[in-house]
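Subject: Structure for your review

Dear colleague,

Please find the structure below, followed by a short account of what was found in it.

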Amino acid sequence: MELTRRNFLKSAGIIGAGAAIAGISGCANDPKTTDSTPATQQSETGTPANGMVDWKGEPPTIADSDCTETLEADVVVVGLSDAGCSAVRAAAEEGVSVIGIEKSEGIMAAGSQCTVIGGPLNEKLGRPEVTTEEVVRQLQIETGYRSKASIMERFVKEMPDVFEWFIQADPDITLADTCFPKLTDDEKVHALIPERYPEPDPEWSFRNESIPTFPGTFTFGNLTNMLKLNVEKAKEAGDVETYFGHFAEKLIMEDGKCVGVYVRRAEDGALIRVNAKNGVILATGDYSSNPDMMKAFLPEVVEHGFEMLWLKKDVEGNPTNVGDGHKMAAWAGARIQDYHCPSMHHMGGGAGADGRGVMGINGYLNLNLTGKRFMNEDLPGQQIENQIELQPQMTTYQFFDSKWPEQCSKFPAAHGVVCYYSEEDDTGGYINQRSQADLDAAVQEGRALTSDTIEGLLAQIEGMDASVAQDSIKRYNELCHAGADEDFHKPARRLFPLENPPYYAVKFKPCLMITCHGGPSSDENAHTYTESGDIIQGLYVAGNTMGDRFAMQKPISICGVSVGYALFYGCIAGRNAAHCI
């Protein structure tokens, strides 16, 4: 067999460019590979001798004779969160029987923000029209043209209809008229909040941004409740059974087709064969809590010790996002996409208990510990994160002054940007809005520094070269007054000099990883594919188990796209599985 790159990776038990680069260069495990080391040779521990991580392991050996009972359905959905609940309802409404398997105690959403490009809701709000071409082109640019355009194309075109279908499960759903409504707890349960609406600056346009943030994001006041209502809607429509506290262990394959799944009941350890006449949908989430998979596909995240945020647990007390769907698909012959990506979009330094950065990712002056400016600060959160990781000790400081209340509306209406100033102390925890009381609390809690002089402010920053920093600030002020950033080319409309005490500084470090993206090779019909490019009959994927949606980095210009994809492709998977499409 010719030793191609893919054959090399496949024989090593991993497909993924990030891991390939790490293994070959010695980043992840310092494997010290040589040309004389066969790719398939194993060490005594079972780890490939070339240093690659054997993330798949051996599939469990399960026979029908091990099972205490057998369940039957036309469609089986594994994972009941954003994508899975959508899939259950979609399949049920096509007139087939459905079984849902979930290892947690109940339904819990994995997000809250959802993208919808165009459609009736956005028209009702008077949001500007966005073309499919604009969105797909930007997504492809941000993912290095390593994601499938067809997946985004279908999502953009059909999501408005699917979203309307999804929210109809709640007859009390209410569209807020602003992005920071004042809601009671009861009102919030049924609220749908349009993000960054109305736009803070009526003269602003996303088309004037080098990296646009497309209008069309909505936040659910309580997505978990909406998911539960969708499952209730499914049960009203037909034959639907849900099994919580049950773990999918292995797909059942017959003649190359997926015909069911073996399931373990946590309560007593009993094994159950669950037959799927039409197909199985894997909606099991990502693999952020699986160390082997992280080392294999995103080794740099592990090497740098980046922390992650994940709150969902199964009934045995373990994180739910362990890549079990990925492993089952791979054991069944599915190809795993190359070039995975972490979702690490910065929300600003000095985050409080509500997760909001002190002044968001606003493009104010930002200096590293050498005291030097290093970028055009007018960037979205993912790109901000990427730049911070290149700096000494991965530490920088954002600087602004007392003029921030009148300046914030000049920043883009984008995810993580403070673009609304509130004269009221209580801003309700909304991402894009801040008050002076918010800033004062950050100072009091040590999340922000302040001083009436630049010298006094710099003296509080441990490890920064104050002399160089003063020169950098002087230079920046000169550029601001000249109205042209000759150094890093930030737009003149966001060049704000530091001249009005008190002055503020906020530390930026790498942010938390929310999730990671990469999975079984898929398409716009939620199919899965083998290494040779053949569709695996009867096996569908949705949500973060679905591959080829993102690559290289998360496209933050489309806020809420992960949840949007989950709801949309859960629906597509459910409908297609119902009809064996």
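Which residues have the most contacts inside the largest nonpolar core? They are V76, M152, F163 and F220, in a core of 93 residues. A nonpolar core is here a set of buried Ala, Val, Leu, Ile, Met, Phe, Trp, Tyr and Cys residues joined through side-chain atoms within 4.5 Å; buried means under 20% relative accessible area, exposed over 50%, and partly exposed in between (1.4 Å probe, protein chains only). Helix α17 (residues 561-578) supplies the largest share of this core, twelve residues. A second, separate core has 25 residues, among them V358, M359, I384 and W404.

Before the details, two notes on the source. This is a predicted model, in which local features need pLDDT of at least 70 and side-chain atom pairs count only at pLDDT 80 or more, while totals for chains, interfaces and linings use all residues. Residues are numbered from 1 along each chain as its sequence is written, and side-chain values use heavy atoms, with hydrogens and water left out.

Apart from neighbours within four places in sequence, M152 is in contact (heavy atoms within 4.5 Å) with V135, V136, L139, I558, V561 and Y565. Helices (H or I, at least four residues) and strands (E, at least two) are DSSP runs, numbered from the N terminus.

Helix α5 (residues 132-142) is largely enclosed by the rest of the structure, because eight of its eleven residues are buried. The buried residues are T132, E134, V135, V136, Q138, L139, Q140 and E142. Their cover includes α6 (149-167), α12 (381-388) and α17. After α5 comes G144, which has a positive phi, near 65 degrees.

With a disulfide defined as a pair of cysteine sulfur atoms within 2.5 Å, the count is zero. For C67, the closest cysteine sulfur belongs to C258 and is 14 Å away, too far for a bond. The corresponding distance for C408 is 7.3 Å, to C419, which is also too far. C67 is buried at a relative accessible area of 15%, and C408 is buried at 1%.

L512 is partly exposed, at 38%, and lies in the loop between β17 (503-508) and β18 (515-517).

Yours sincerely
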